[in-house]
Amino acid sequence: MTNSMNDIRHSKCIFMIGSNAAEAHPVAMQHILYAKEVNGAPLIVVDPRFTKLAAKATEYVRIRPGTDTAFLMGLINYIIQNDWHDKEFIRTRVAGFEEMRKVAAHYTPEVVEDITGVPKEQLARVAKLLATNRPGTVIWCMGITQHHIGSSNTRACCILQLVLGNMGVSGGGTNIFRGHDNVQGATDVCVLSHSLPAYYGLKEGSWKHWCKVWGVDYEWIKSRFHSKEYMHKKGFTLARWYEGVIQEDKITQYTPIRAVVFWGCASNSQSQYHKLKKALDKLDLVVIIDPFPTTTAAMCEKDNVYLLPSTSQYETEGSVTSSSRQAQWRYKVVDPIYEAKTDYEIMYEFVKRFGFADKFYKNIKQIPEDVTREIARGALTIGLCGWLPERIKKHTDNWHTFDIDTLQAKGGPCDGEYYGLPWPCWTETHPGTPILYDISKPVAKGGLPFRARFGTEYTYPDGRKENLLAAPGVANPGSEIKGGYPEFPGWKTDPNVIKEALRRGMAPFGNARARCYCWNFPDPVPIHREPLHSPRADLIKKYPTYPDKPDHYRVYTRFASEQKPELVKEYPLVLITGRMVEHMGGGAETRSNKYLAELAPEMYAEINVKVANDYGLREGDYVWIESPEGGRIKVKVKVTDRVDERTIFLPFHFGGFFMGRSYAANYPEGHQPYALGEPANIVTNYGYDIITQIQATKEGLCRLKKA
Ligand SMILES: Nc1nc2c(c(=O)[nH]1)N[C@H]1C(S)=C(S)[C@@H](COP(=O)(O)OP(=O)(O)OC[C@H]3O[C@@H](n4cnc5c(=O)[nH]c(N)nc54)[C@H](O)[C@@H]3O)O[C@H]1N2
Ligand SMILES: Nc1nc2c(c(=O)[nH]1)N[C@H]1C(S)=C(S)[C@@H](COP(=O)(O)OP(=O)(O)OC[C@H]3O[C@@H](n4cnc5c(=O)[nH]c(N)nc54)[C@H](O)[C@@H]3O)O[C@H]1N2
Ligand SMILES: [Mo]
């Protein structure tokens, strides 16, 4: 998120694509509705479904699932064709515009209408709203990311904002509403398989940096791995770990997986759940560390499960990071109840028994403060150097002294600082960066240019050379160099370099252009590729998916070999999934809550009136929904015009049933949730993003049978 939830109050136009914030981010809605109702900003909502958010829209765009890149490139093309692009911003701060423009030219309103189903008049109307109401914000969520071309979708959103010149300004930006409480913090410390904390990657230099921060010997860390190769090899992702067990797609790891720890993770949140179930049946050991036993425990039929009850967030404390890159201190409300232990304690007990507590806790005497201090010492890349526990607590304690519009404290102990010290917060005295890439302020006061991450010059395939640094004259006030500059050598490992850069009025990571052409991506400019399982057989030939990827996070991942034009004949309906306001994630917490379970007690499928009539179904009837991979679920139908005549929507929060069979009796006594139901993820299709491997849960095919 480049700006903040609060900053949306200043937007002149709000473009939301693949987000249903009215259900998934109801608190953020106060800022969206403020901009809309108080300031009169138009609200554009792009979603295949007429959601509760769409009900608030000035302009609701119904789009065919999995075609967002085509729509976005169509908007970009239309904006350029009408000469509405921000030429000065592009001239000074953007790279690869020419290359991008040529690709975008393909997406004429007619072509876009054919791919997306959005009428060309509506595309023109939306483009005009964006062009005439600046600065506007672009907000996206899972409707954009959970696709095999999810990474292209996200880049197309960014390019749209570059073309409009909406970056680095209040009211503009690319604003991605995050998921869980503290998921931004979890991402920043990188609980992912392809990087060390703070986006350092897995190269030797990164390991050496973190070894220094942790105070442990690099050779010792190396000795913990099977071989040096595995120190630098991306791991399995959450989406596909089970293949490491069942190996139906070939794995590239020296040994299969035999044990899994679910630490605050619900298995029914993962697609291909019937495959995951096979893995649960095969594993030697399953450990669940959670305040609830979760559906996972009930699904394990072998006597191979350990339940370690952890506390909830109210029984522990520490720093947490919001969507807007802000830190807060969460204080404990009550002591842990019953035999539950905090996640810190559980971690400690493991580490002690594994025999390396002396190394793991070398710098950690006081939990959690010293953990936060260690992050501040190591996470230089995103500028967490100024996030000291004392400062974070001071902000939380003085919450009321900050302005709701600017996030800045007026007077008081945090005078002039921005709430939660939004990162990068480069030093112990830096006020935080409320808006990324804002060159109107000095870097030391929260300004920032674009990062120079990809060298200083690039030669495009046609021989055109381009300087990748910002144009002369474009820099933050007070910058020693009045124009673009490369990164400061050593800034990622030495806080003194960061301080030196700030003293010279400059950003440690350089001052560059934002790229519209990413040569290190499979599609340097985002292009439309038909969903892996597409309802439009005719378009597959024209817009095919990628070739298969043999080692994608250690698993053979099918793309071209999975995209079959004839599939739609047997599976004629499009399947999308998502959230409802009453439930959270896998639903362990909310389905175990009497009041929420009463509000939303049952799993259901939203189907259109025409589909209901064609299949002879009425509200409340049961149907089998079947996926191409052999998953099937029995659910109740909800007949509604929210979805179109070809699309079925499923919420993914249910569990405790499996293909028609109840597993209720498998829960530990007294721990059965109040609401049980079939997991949607039994029928979400095969399909993963080409870069991130996120599961494509919003672009599958299925078929219906009356139960
Ligand atoms: N109540 C509640 N709130 C939550 C959560 C929860 O489980 N419950 N989960 C949290 C988490 S972890 C996250 S990540 C966020 C997610 O928040 P959102 O992403 O907003 O939630 P979703 O409902 O998954 O998806 C949003 C919309 O994407 C649409 N969509 C599906 N396919 C497409 C497509 O191809 N194109 C477009 N443009 N749209 C499409 C769906 O119809 C849906 O309305 O919510 C967070 N907030
Ligand atoms: N079909 C489909 N599938 C999806 C999605 C979709 O849109 N469609 N969305 C995907 C997304 S974006 C996400 S983020 C995932 C979410 O999926 P998960 O993260 O797997 O599901 P949650 O239920 O949100 O949270 C997991 C568990 O954390 C536990 N928990 C809560 N607090 C604590 C704590 O302090 N400590 C510990 N140890 N545990 C705790 C909860 O009890 C819960 O059981 O689902 C993904 N799956
Ligand atoms: Mo999420």
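Helices here are DSSP runs of H or I at least four residues long, strands are E runs of at least two, and both are numbered from the N terminus. Keep that in mind as we walk through this model, which is a predicted one.

Let's start with ligand 1. Three elements, helix 1 (21-24), helix 8 (142-145) and strand 17 (573-578), each give at least two residues to the shell around this ligand. The shell has 32 residues, and Ala-24, Asp-47, Asp-68, Arg-579 and His-583 come nearest. Sorted by class, that makes 12 nonpolar, 14 polar and 6 charged residues around ligand 1.

Now for the polar contacts of ligand 1. Arg-579, already listed among the nearest residues, puts a polar side-chain atom 2.6 Å from an oxygen atom of ligand 1. As for cover, ligand 1 on its own would expose 910 Å², and the protein buries 95% of that.

On to ligand 2. This one is surrounded by 30 residues, with His-180, Ala-266, Ser-269, Asp-290 and Asn-681 the closest. Strand 8 (285-290) and helix 24 (588-591) each supply at least two residues of the shell. Its residues split into 10 nonpolar, 15 polar and 5 charged.

For ligand 2, the contacts to look at come from side chains. A polar side-chain atom of His-180 is 2.5 Å from an oxygen atom of ligand 2, and Lys-698 brings a polar side-chain atom to 2.8 Å from a ligand 2 oxygen. Gln-695 faces a nitrogen instead, with a polar side-chain atom 3.3 Å away from that ligand 2 atom. Taken alone, ligand 2 exposes 910 Å², of which the protein buries 85%.

Finally, have a look at the surface. Val-261, Trp-263, Met-347 and Phe-360 make up a nonpolar patch there, and together they have about 340 Å² of accessible area. Trp-263 is part of strand 7 (residues 259-263). Is Trp-263 buried, partly exposed or exposed? Trp-263 counts as partly exposed because its relative accessibility is 31%, and the partly exposed class runs between under 20% for buried and over 50% for exposed. Patch members need over 30% relative accessible area, so Trp-263, at 31%, clears that cut-off.

Note on methods. Residues are numbered from 1 along each chain as its sequence is written. Chains are lettered from A and ligands numbered from 1 in the order in which they are written. This is a predicted model: local features need pLDDT of at least 70, side-chain atom pairs count only at pLDDT 80 or more; totals for chains, interfaces and linings use all residues. Side-chain values use heavy atoms; hydrogens and water are left out. A residue is near a molecule or strand if one of its heavy atoms lies within 4 Å of it. A polar contact is a pair of N or O atoms within 3.5 Å; within protein, one must be able to donate a hydrogen and the other to accept it, and residues adjacent in sequence count only if both atoms are side-chain atoms. Accessible areas come from the Shrake-Rupley method with a 1.4 Å probe; for residues, only the protein chains shown count as cover. Ala, Val, Leu, Ile, Met, Phe, Trp, Tyr, Cys and Pro count as nonpolar, Asp, Glu, Lys and Arg as charged, and the others, Gly among them, as polar. Patches are made of residues with over 30% relative accessible area and no salt bridge: like charges are joined within 9 Å, nonpolar side chains (Val, Leu, Ile, Met, Phe, Trp, Tyr) within 5 Å. A salt bridge is a side-chain nitrogen of Lys or Arg within 4 Å of a carboxyl oxygen of Asp or Glu. Buried means under 20% relative accessible area, exposed over 50%, partly exposed in between (1.4 Å probe, protein chains only).
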